[in-house]
Amino acid sequence: MDFLVGLPVWVQALCATLFTYGMTAAGAALVFFSGRSGGKFLTAAMGFAAGIMIAASFFSLLLPAMEGAAEGGKVNAALVLTVGFLAGCAFVMLADLFLSGTEKFSGEGKRGSALMCAAMTLHNVPEGFAVGVAFGSAAGEPGALAAAVMLAVGIGIQNFPEGLCVALPLRKDGMRAPRAFFIGQASGFAEVPAGVLGALAVSAISSVLPWALAFSAGAMIAAVCAELIPSGFSENKFAASIGTALGFSLMMFLDIFLG
């Protein structure tokens, strides 16, 4: 951590978000070890991804959004979370309708993969903002800087399974592993510019962060309900249930332990 001291806050945020992005890419790389078959393993893995995204929506997005919006009172917090969440859900639903009418995404698999990638990318934007705001708020104070570093480490560890959440459905739908990996890792790159922007505009980003977090949570839940859960549970309900429970438990443990 010593090498970060003395660097401009935007450089600190850049280094931190490059790490979180790298963890997303590492998770997406697991797609090289999975096949295209729709057996029990892949079905359980789809459920696992669904569990991770559901837990991340609550513990990584909605809870921090509630804490950030609570400064304006209970009514403000309830309004921010409800409106932001519904807006995120509506965004995914409208995107689904739009993609359904687009010839390039007319297939169920292609449309679902596009929705999952969009939802995970949206989820990474407020996380990048949060890291940037943490470094921008630290202002060189050792204690605050250490807390910002730990936040980046925690988000990075959480990003590892999330990278697989994007790449795995693509691979399952028949996409070649290198391309599925490329798209999976690309979804995490959104954190890098968001982190730099968050560090440079701390006060402005802090005010909209709860809205962005709630919006991303709604988008993720809508994408999971529209794609991952129907796909996994239609093939093998037992395997998908086990995967969902394990994925949710793992993400819940990471969020609580690292939070």
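How far apart should the ends of α8 be at 1.5 Å a residue, and what span do its end C-alpha atoms show? The 34 residues of α8 should span 50 Å, and the end C-alpha atoms are 46 Å apart, which agrees. The expected span is 1.5 Å times one less than the number of residues; helices (H or I, at least four residues) are DSSP runs numbered from the N terminus. In α8 there is also a kink of about 45° at Val208, shortly before the proline Pro210, the bend being the angle between axes fitted to the seven residues ending at a position and the seven starting there.

The model is predicted, with local features needing pLDDT of at least 70 and side-chain atom pairs pLDDT 80 or more, while totals for chains, interfaces and linings use all residues. Residues are numbered from 1 along each chain, and side-chain values use heavy atoms, without hydrogens and water.

An unreviewed UniProt entry places transmembrane regions at stretches including 45-66 and 144-168; such annotations may be inferred rather than shown by experiment. Residues 45-66 are 100% helix, with end C-alpha atoms 30 Å apart. Residues 144-168 are likewise 100% helix, their end C-alpha atoms lying 37 Å apart.

The largest pocket has 28 lining residues, with Ser60, Pro64, Glu67, Ala130 and Leu151 nearest its centre. Two or more lining residues come from each of α2 (40-69), α4 (108-138), α5 (142-172), α8 (202-235) and α9 (237-258). The largest share, eight residues, belongs to α5. A pocket here is an open set of points on a 1 Å grid over the protein atoms alone where a 1.4 Å probe fits, with protein on both sides within 12 Å along at least five of seven lines; lining residues have an atom within 4 Å of a point.
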